[in-house]
Structure formats: structure tokens, C-alpha cells
Amino acid sequence: MGAYLRRRLLTTIPVLLGVSLVVFLMLHLLPGDPVLMMLTEHRGGGAPTISGSITQEMYDNMRHQLGLDRPLPVQFASFLGGVLRGDLGTSFRGGEPVRELIVRNLPYTIQLALASFGVAMLAGFLLGVIAGVRRGTWIDSLTMTIAAAGVSMPSFWLGIMLLLVFSVHLNIVPAVARAADWRSLILPAVALGFSASAIIARLVRSSLVEAMQQDYVQTARAKGLREGAVVVRHALKNALIPVVTVGGLQFGNLLGGTVVIETVFARPGIGHITVNGILERDFPVVQGVVLVSALTYVLANLLVDLTYTWIDPRIRFGGGT
Amino acid sequence: MTASISAEATLPPSLDRGIDERARRGESQTRIAMRRLSRQPATMAGIVVLLTLAFGALAAPLLTPYDPAKLSATEARLPPSLSHPLGTDHFGRDVLTRILYGGRVSLRIGLIAVSIGATIGVTLGAIAGYRGGWIDEAISRVIDVMLAFPGILLAIAVVAVLGPDLSNLMIAVGVGTVPGFARLVRGQTLAAREFDYVTAARALGCSHAKILGRHILPNVLAPVVVFATLSIAGAILAGASLNYLGLGAKPPTAEWGLMLAEARDEIRRSWWLPTFPGLAIMLTVIAINAVGDGLRDAFDPRLGRR
């Protein structure tokens, strides 16, 4: 396990560096000039130019202050140093440190991503097992039709429809609740998790169907085990491995998907500040958010891989890929 | 993909049993795939739905008497009726008309974004898989970095750099599909590189470009077509999300995601506003997915649903 773990950790490092480089370059690839953007803060739209109240001296001072007059590699090194110390710069609009903005908003996003992950795994697993066990019956067809609709449905639309049905018409769940209230998490989690659950359901079904055709299932049946025990103890256990991998990949989609769902439900969170950051061209914020989300995702994937190792001993002992 | 092994048809009947239909009929793989495709009801339904949607989008001006952008205060928030089958929105615009016109934008996003993604992705993947060595390493690491951005965040980051508008949105969604294509084609090329016909081509003195373009790419094309089809569905969903967030088309453009964003504040008054554009997206994506799944099963029956 040690060798595998070491190699897995080692390949994560270049990815993290690459992500930081991409995010760092974001600010430099921009068509606009970040210095002018900062100087013209709160002075309306339009392409900012050196004119009016902004003098060349102010411009040069600001440029120097931001360190933008240094060579790119030096800037990248200092950006990396900042990131390692947890310094992500300050917002162009409002001047709040980006780190604080993220620290304040990230918990809501993580909460939503985890809740929808729970919904996705639970619903996906149940639907998949039911369809797999009842393969070829109308239950199977119905479940798989729901799954086909699920993967084809925009999560934000499902969110709006859930609001329409459960808040506006049935009045069961409040449309707008304080983010701290757990009830405010139900609809967003279902909206976001549903399409992932459809993907997982399909996978669990096909994985289970395949496992049910294996010899060891025949053996288990032959020795007189109840069908329930055959499914749970023999088939399902082996069907689990691909599900963990795909489940882990889905976590990233859910993390990205929170951006849209937060907007639908007017929840605080990372998505909210990202969209505002883009529309207001507040790049340090966008940079910080993208970096933190990507890092979270990479680490989550690492965690999934480790879980994978734990579930499938062949990887652990084989020292395989 | 013109593998007509008709010579084998002369084998004695006893040996003939193991040879597939292609060998007996001297049919090309593409034709076999097309024939398999025509036997799948879900796929055919998907094709019919898509053709209808495309026709509705292209012929919208002929099909509806209304203008997708013209405001009419007297006709605001009318529920579905005979003159407005899907109702009107808070500006008095006919919802069906806007959905028809919106189809143009969504289909364009799907096609253009995936063309961009496929072009870049296939090129990168083919080079990485064919050349190997440090070039492969370099390209693979770039792909790893792209894959490190969760979900549609890569597209969002690209929109952030380019600025939010519809054409940048298409580029952004397209960039988001690059890693998938690159990985797929790299793997396929790695496998194809070892085939005897490639060795033969190399022995004949073919240039790398010719081997790649003439011998390898045509043989990895089938999975790329399948993946591209399914990617169009994903691109339409991602495009709708970005448009919903206001990072693409601007009002008064008739676009499904944007229509849903406008409908979000109207759900207490008009249920039909959020309902129908979403159904349009879902129907389109289901249809494309059905065609994609059908193509996959047709090209490679081994991958077929059990």
C-alpha cells in the first residue's frame, strides 16, 4: 500500500502546481487591465483608461503596489507563496481579503455538496439495486426511464420545479429559509443530487446484473442461501467497486453544480460569490474560488482513490496502477 | 472502416458459422452499424424528436405568428390557451415562440462547443497516444490539470477570462469537453498503434502524418462519434446552466436557460413559465442521449445494455 500511496501523492503535486499556474495566469490573460480595474472601482462600467482623475503616477504606484511590474516567474512564485500562507489577495470590490470571503461562504457549499452526495448515493443505490434485482420487469423499465430523465434534466430546472411544487403549491418547505436551517438544505440537495443518483443507479444496476451472473453467485445459491443474502452478501459487495469510483467522480460534478443551485435557491456560498465575481470582473475573488474548488476536488479524488484501495485489496497488495 | 473480408465467404459451410454477418455479406462496418441502429426503437424515437426540434427551430418564423422579443403589456402572463398554447411571459411574449427560437441557440451551443472540444481533444489525444514519450507526458499532465476543475467550473473559469457572452460561452463549454476527447483518443490511439496494419504502413515508409490520418484516426472514429454525440447533450446542459447564471446570452434573446432565469421570479404567478423551457431542454437532451446510446450499441454490440 505504501508504494501506491506514495506514487498517488506524488502525481497529485504536479496537478496542484498546474492548477495554481492556470489560476495565476487567469489574471494575466485577461483582456482588461487589472490595475485600471482596481482604480476605477465603483466608477461605473465601460473600458477603463488612464484619464480624468487617474494620473499615470497613480497607475504606476498601484501597479508597483500589486507587484505587477515584476517579471512573471517572480510574480508566480510570490502568488504560490501567498497561497501556501493562505493569502489569496483582496477583492477589487470592497477590499475584503478573498480568504475571508471564501472561509465565510465555503461551509454552505460543502454542506450542500455533501448533502446532495448523500441523496445521490442513497437514491442511486436503492434504485439501482431494485432495478438490478427485478431485471427485465416493469419495475426495471420504470426505474431506468426515471434515470434516463434524471441524467437529461438540468439540476437548476429541477430546483425551480421543486420550489414550484413544494413551496408554492404544497407549502411544505419554505422557499426562502435561513441557510443555517437544515430544512433549507432539502430541496437544493435533492435538485442537485438527482441527476447524479440517476447515473449511479444505472451503474449499480449493470454492475449488479453482471455480478449476479458470476460463478460465486451460482455457488451461493447452490448451497441454499436465501436470495436476499445472495444479493447483499455476494453480488452487491462485488458490484460496489465501480460505484465508489464513479461516486467519487460525481462528487466533483456536485461541487461544481452548487454554483447554479445556490443561485436558484438564493443560498449563500461559493457559487454566489463566483458569479458575482465574474459579472463584476472581480478577479481575485474568481481566482481564489476557482483555486480552492479545484484543490478541494483534487483532494476529494485522492480520498476516493484511497477508499478504493481499502475496498479492493487487489490494488493494495498488487501494488498495481 | 471498409473491412470487407469477402474472401472468407468461400469457406466451407461448416466453418462459416463462426464468421459474422459482415463477412458473409461483404458489408462495411458503418452499414452494419446503421442497420443495427434502425432496429432500436429508442434511438429512432430520439432521431425523430431531434429532427422535429431542429425543424421547429429553423422554421420558427413560418410556424408561429408571434415575435420572440416583441413586448406586449396587454398579453402578459396569459396561461396556456388556444392562441398561446404554452402561455405568455411577464412581458407578454409567446412562450412557444420563444422555445422554438431558443432551440436555435441551444442546438448551436451543442454543435459548436463540441466541434471545438472534439477538434482540440482529438488532436491532443492522437498526438499523445501516437508519439508517446515526453510529448505524451506533457499532454497528459495538461489534461490532468483540466480534469482537476470540478464539473462546469472549468467552463466558468474560461468565461471569467473571456468575458460573459454567448460566443465565449460556446468556447468555454467546448474547452470543458476537451479532456474527455483527449483521454478517449489517446487510449484508442495507443491501442491502434500496435496493430499490424500500422506496422505495415510504417514498413511501407508512410509518414507519421499519413499513418495517423489515414490509418489510425479512421479506426478510432467510432468511439469518438459516440462520445461526441453524448457530449452534445452535456454541452447543451452546461450551456443552459451558464445562460441561467447570466454568463452567456443577454436579454431579450430567446434562450432556454435565460428563460428559466427570468421565470425563477415568476413561479408564484405563472407555473407555465418555468415548466416548458425546462421540458424543452430535457426532451432535447433525452433525445440526444438516446441517439448516442444507440450509436454506441450499434458500433460495439459488446458494450450493449445487458
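Let me start with W272(B), which in this predicted model counts as buried, because its relative accessibility is 5% and the limit for buried is under 20%. W271(B), by contrast, is partly exposed, with a relative accessible area of 38%. The rings of these two tryptophans, W271(B) and W272(B), have their centres 5.8 Å apart and their planes at 90 degrees, and the pair is therefore edge-to-face. As a general point, a pair of aromatic rings is described by the distance of the centres and the angle of the planes.

Over all chains, the structure holds nine aromatic pairs. Another of them is made by F24(A) and F79(A), whose ring centres lie 5.5 Å from each other, with 45 degrees between the planes, and this pair is classed as tilted. Where do F24(A) and F79(A) lie in chain A? F24(A) belongs to helix α1 and F79(A) to helix α4, which covers residues 72–84, so the pair ties together parts of chain A that are 55 residues apart in sequence. F24(A) counts as buried, at 6% relative accessibility, and F79(A) also counts as buried, at 16%. With F76(A), the residues F24(A) and F79(A) form one aromatic cluster.

Let me now turn to the interface between the chains. How many residues of chain A are in contact with chain B, and how many of chain B with chain A? On the chain A side there are 52 residues, and on the chain B side there are 41. The area buried between chain A and chain B is about 3800 Å², and carbon and sulfur atoms give 76% of that area. Within chain A, the residues that lose the most area to chain B are F156(A), W157(A) and I278(A), which together account for 16% of what that side buries.

Which kinds of polar interaction are counted here? Between chain A and chain B the count of salt bridges is zero, while three residue pairs are in polar contact, with both residues of each pair at pLDDT 80 or more. As for the elements involved, several helices of chain A each supply at least two residues of the side that touches chain B, among them α1 (2–29), α8 (186–212), α10 (227–264) and α12 (283–311). Helices α6 (138–151), α7 (155–169) and α11 (270–279) of chain A also each supply at least two residues of that side. Sorted by class, the side of chain A that touches chain B has 37 nonpolar residues, 10 polar residues and five charged residues.

Technical notes. Residues are numbered from 1 along each chain as its sequence is written. Chains are lettered from A and ligands numbered from 1 in the order in which they are written. This is a predicted model: local features need pLDDT of at least 70, side-chain atom pairs count only at pLDDT 80 or more; totals for chains, interfaces and linings use all residues. Side-chain values use heavy atoms; hydrogens and water are left out. Contact means heavy atoms within 4.5 Å. Buried area is the accessible area (1.4 Å probe) that two parts lose on being put together, summed over both. A salt bridge is a side-chain nitrogen of Lys or Arg within 4 Å of a carboxyl oxygen of Asp or Glu. A polar contact is a pair of N or O atoms within 3.5 Å; within protein, one must be able to donate a hydrogen and the other to accept it, and residues adjacent in sequence count only if both atoms are side-chain atoms. Helices (H or I, at least four residues) and strands (E, at least two) are DSSP runs, numbered from the N terminus. Ala, Val, Leu, Ile, Met, Phe, Trp, Tyr, Cys and Pro count as nonpolar, Asp, Glu, Lys and Arg as charged, and the others, Gly among them, as polar. Rings of Phe, Tyr and Trp (its six-membered ring) pair if their centres lie within 6.5 Å; planes under 30 degrees apart count as stacked, over 60 as edge-to-face and the rest as tilted. Buried means under 20% relative accessible area, exposed over 50%, partly exposed in between (1.4 Å probe, protein chains only).
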